Structure formats: structure tokens, C-alpha cells
Amino acid sequence: MDNQPVRILLVDDDEDDYILTRDLLAESQGTRFEVKWVSEWDCALEVMGQNQHDIYLLDYRLGKHNGLELLQQAVDNGCRAPIILLTGQGDREIDIEAMKAGAADYLDKSQLRAPLLERSIRYAIERKRSEQKIREQAALLDIATDAILVQNLQNQILFWNKGAQRMYGWNAEEVLSQDAHQLLFKLENLPRLTEIESLVALEGNWYGELQQVTKDGKVIIVESRWTLVENEQEKPTSILIVNTDITDKKQLEAQFLRAQRMESIGTLASGIAHDLNNVLAPILMSVQLLALKLQDEQARQWLKILEDNARRGAELVKQVVSFARGIKGDRTLVQVRHIISEIRQIAKETFPKSIDVHSDIAPDLWTVCGDATQLHQVLMNLCVNARDALPDGGTLSIWAKNLFLNEQSARMNIDAKTGAYIVITISDTGIGIPPEILDRIFEPFFTTKEVGKGTGLGLSTVIGIVKSHGGFVNVLSKLGQGTKFEVFLPALEEAHSPKVEDSEMPGGHGELILVVDDEVAIRQITQTSLETYSYKVLTASDGIEALAMYAQHHEEIKVVLIDMMMPAMDGPTTIRTLRRIKPQVKIVAVTGLVSDDKLAHARRLGVQTFLYKPYTTKELLKALDGILRAS
């Protein structure tokens, strides 16, 4: 985007929705938006026909007409800017029809948040501009830069134009009489050329894409057209080939596909995370309730295994969402020695027996302020890479020590600052990294592994997490001798000991709690857990039922425990309405998708206490105890 504001036309018959959309876009940190609003269908069609805006946002419901009809009419009238349709929750068929009609995107109004809206607008505009750029470049290539050559039936080059010289780097004198196959193709592509020549001999022509090489060894992709040339006796004598370089076009297409794929992953991950957290939450609470009933030691051990694995499942869900949505992790005091010990144990139990795993951790290793799950992911990724570098076995070593970087040492790395660090070193005696790709290993999607065996995201995730913690990474590697990764994390020099968790479960004193969640299992287990610890409970399956119940019992209800994502009426809307009934209502917001914009939105509504799915009975009780004590 340039320095000019993005001009947006919002077509919506509801002024409140216009104000909400305008305010959401005003939260943007990097792009300025200028939002105009029209509420009538006919006026909107006229304004869109003037093509004076960068993008159009159309609400589906527009009185006797609808946004889909307006979209179709505007496209037919030559509207050039991208159009995004705003629909209600569950309007899947409408969304599909909108994309068929030419919409750049569709958004669910019930899920509309500032980052999602801004991202959709930016992608739609950039996609439109890039498509126009590709069309302009393609037209220019057809006119000016096509490579035209003629080869005889023995593949010898007979003609080579200026376009071919510009495309491949050889002039005509260098290539005439040369074998075109050996000159322009890699050895692995030759079998396909034999198939192409057979088709040309049979049908007289062929059209498709080919991978070729230039004089300086650069690999390019060409759109190639082959035509059989015959003499007066209709005998084939040569083949006319016209090649258009489409390398940039293909790379641009790949970038768009990658961006769309990551956007889809983010949407899919969010939906999956919400459902999985709703599954895991009652499991965790049920385990703790069962522990009160069971006295058998072996049964308690089974419950502990169940709880540990449910927690690990919750952490995995959180990692997926964090990567896909770019969410910052929670920062707490972390004893990295415990993470290293756990990873060492995992490596010993799951890596091939031909790999010896060694570790050396300083006994007085400092603590760091960070996200334990993310740091676990960093070290696990590096250890998995080390394992893959040891196909025939070898040694994997994990070291950790304290280090104070002075000013001179800090100058050796652009991301380093003076101060205390812990340095975690993961080294292997494996195959090593070729020097020509060492500078690229942290690039997203760059991988040397076979297709299907690596995404190229592991090391890019490592560097992203380490930098978000204020640290940096050094890499040393030699072919055939192994690789060493050094992870530097800012440390707290004092040997902080983790606080011992209070094992007491804070119970209630007959306070009435309203539990609002659309999941039956969560309502039931939450009610049982609270009643077990001396609370009284009312439950509601959605926001509408919650409002009716609160209006009837608002004098007795002390706290409302409410899920932020529900059908019919979501959490934020319910909270706003509850505050109209009683401004001092105490709210505990429950969410499985801990996105920054969702938390900020809840805080703007006055919510200060949050409970993240899946939560344990203890976490639930502590949240309620804290908010009740604050009164």
C-alpha cells in the first residue's frame, strides 16, 4: 500500500454497522482507511459505477434487494475494484454464490474483527493489482520478448532470434547447429522431450510449460508452442518453437497460493481449536472430580496420565493457533532446565537407538521470562532436525550455560544486546549443511527435505519465537562434520525458583454463579464442579437464555461465567446487554481462541478476568475466588 488512504465504500442499511466497521478500520496501525457509507441499493450501484473507490464492502441484507444482486449488477456494469460480501453466520451457499459472481472474498459479520477485516482488504487489493500486472506483462512478453527458434528433426538449431538471445543469454553464432535439447534442458527433462516430439509428429503441434536453463545456469519456466514445419511435398523438415518466459508469473502465482493456504490454515486452525478445546475442557475437569472419588492408587495414576495427555493436547492446539494467527504467548518465569530434561527424555525414548543423546546443563542455570510451550517447540524442532541429520546414527548433544555478553561481544550479532543470557546449544555429528544454503535455512518454506517430509516451517518458527523472546540464534556447520545451533535467550540472573502451586482448592460459600455455554458437556461438568465446592449454579445454553435468566435473578447472581463464542448471540454481545441490566455485573470471560483483538474487545467491555479452555477445576475455582475477593 502507498501513502494514500485506502478508499472504501461500505454499502449497509444499518448505520450502527457502518460505525462499527469504521471504528474497526481506525484501529489499523499500518494502513489508513477512508470509509464512505451509502445505505440504499440504487445509490450504491450508481456510486460503484463511477469506479472511484479502491474496494467495496457490501452487506448481504439491503432491504428488498440484497448484496449479492448488487455485486452481480456492479460486475456486469464494469466495476473494476475488488468487492467483499459481508454475510451472516452460516450463509455458506450465499458465500459460494458470491465467489462465483466475482467477489474477492466474503466475511462473517459475527466474527468481524479489526485484523481480519484489514487483512482481507489488503489481500483483495493486492491480488487485484497483481492480476492486472500479470496481464500487462503477458501482453508485453507476447510482443517483445518471445524467444523464436527453429530446430531440424535432429534437434540442431537452425534459427535463433533476438528474443531468444535476450531470454537465454547465447547469441545466434554460439548456438547455430548446436543440439537444442542438450543446450536448453537438464538431463532429467530429456524423456519428456521425446514424448513432445512424438506428439508434434503425430498431431502437428504441441503447447505446454517447460523448465529450461539459461547460459548462466538459471532455471526458467517457459510457455512453449511447437509447430511442425513441412516442405512443398508435405514432408516434415523442422520444428518452429515459440517460448515465452513465465517464471515471474509462476512465482507470483505460487506466492498467492501460499498466502491463501496460510489464510485457510489460520481459519481452519481457529475452528478446529474451538471444537477441540470444548472437547478437552470437560475431560480435564472430570479428571479432577474423579480424583476426589477414587482412592485406589493405580486408578489415580491412570487419571494423572489422562490429565497430562489432555493438557498436552491443549498445548498442541495452542501451538497451531499461535502459528496460524500470530498470537503472542503468555510470559512467565521459566526454568529452561526442566524443558531440556523433558526433551532429552523424549529424544532418548523416541529417536533411533543408533543416536546417542547427551546433555550438560549448568546447575545454577538462570531463569528466563517466556512462554514455556513455545520454548519447548523451539528446542524440539532443533532436536528433530538434528535427528534427521543423523540417518546413520551419531551423537546429539544438548548444553545449557549462563553467559554475560559485554558490549564487544554484543556487536558480533545484530540482534544481540549487552546483558545476561542463557545459551542453549544443540549439536549433532551429522551430515552438515551446505554453505551455499546456510543463509537460507530460516526462510519460511525453504527445505532440503523430500516432498512430503518437510514443510520448511520448523526453523522459521524457531527464529520467530526466539526473536519474540528478545533472543537470537547462531549456526555453525561443516559438511560431513555436523551442525551446531546456539540459542541465546535474555535471562534473569537471580536463581528464581518457581512458585510452589497452592494445592488447596478455593471453594465457595453458597454464591450463585450463572454458567453460559453452548456445549452441554461443559455446562454439566462445570455445574458439577462448582456445586462440589459449595457454589450454587444456574446454566444457560446461549446469550438469549442467559439474559432472560439474569433479568430474573440479577440480585442473587454474583458472577457470570460466559463463553465468548456462541451461536445466536455471542459472548461480547451478551456482555454488553448484561451491563445495561446491571453495570457492576462481574464477568469471567471463557475462550478457547486467545487472539489479541478478542481479548482487547472484551477488556473494552470491562472484563478483567479470563479463563482459557480447556481449564481445570482448580483454575475455574481460582478465577471465581479472585473475582469474588476483589469485590
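**Charged pairs, up close**

A: Let's start with Arg-604 and Glu-27, whose side chains meet in a salt bridge at 3.8 Å, N to O. Arg-604 sits in helix α19 (residues 596-604) and Glu-27 in the loop between α1 (15-26) and β2 (33-38), so this pair ties together parts that are 577 residues apart in sequence. Arg-604 is exposed, with a relative accessible area of 52%, while Glu-27 is partly exposed at 34% relative accessibility. Keep in mind that this is a predicted model.

That pair belongs to a set: the structure holds 14 salt bridges. Another is made by Arg-122 and Glu-126, with 3.9 Å from N to O. Here both partners lie in helix α5 (residues 114-145), four residues apart, or about one turn of the helix. Arg-122 is partly exposed at 27% relative accessibility, and Glu-126 is also partly exposed, at 30%.

Now for a buried pair. Asp-517 forms a salt bridge with Lys-613, and their closest N and O atoms are 3.1 Å apart. Asp-517 lies in the loop between β20 and α16 (520-532), and Lys-613 in the loop between β24 (609-612) and α20 (617-629), so the two tie together parts that are 96 residues apart in sequence. Both Asp-517 and Lys-613 are buried. Elsewhere, salt bridges with shared partners link Asp-12, Asp-17, Asp-59 and Lys-109 into one network.

Then there's Glu-511, a charged residue without such a partner. Its place is in the loop between β19 (482-490) and β20 (512-516). Glu-511 is buried yet has no salt bridge, and the nearest side chain of opposite charge, that of Lys-558, is 8.2 Å away. A salt bridge needs the nitrogen and the carboxyl oxygen within 4 Å. What does a polar atom of the Glu-511 side chain lie 2.6 Å from? It's the backbone nitrogen of His-509. Leaving out residues up to four places away in sequence, Glu-511 touches Ser-534, Tyr-535, Lys-536, Lys-558 and Leu-628.

Among contacts between residues at least 6 apart in sequence, 67% join residues at least 24 apart.

Technical notes:
Residues numbered from 1 in each chain as written. Predicted model: local features only at pLDDT ≥ 70, side-chain atom pairs only at ≥ 80, totals over all residues. Heavy atoms only, no water. Buried < 20%, exposed > 50% of the residue type's maximum accessible area, 1.4 Å probe, protein only. Lys, Arg positive; Asp, Glu negative; His and termini not counted. Polar contact = N/O pair within 3.5 Å; in protein donor to acceptor, adjacent residues only side chain to side chain. Contact = heavy atoms within 4.5 Å.
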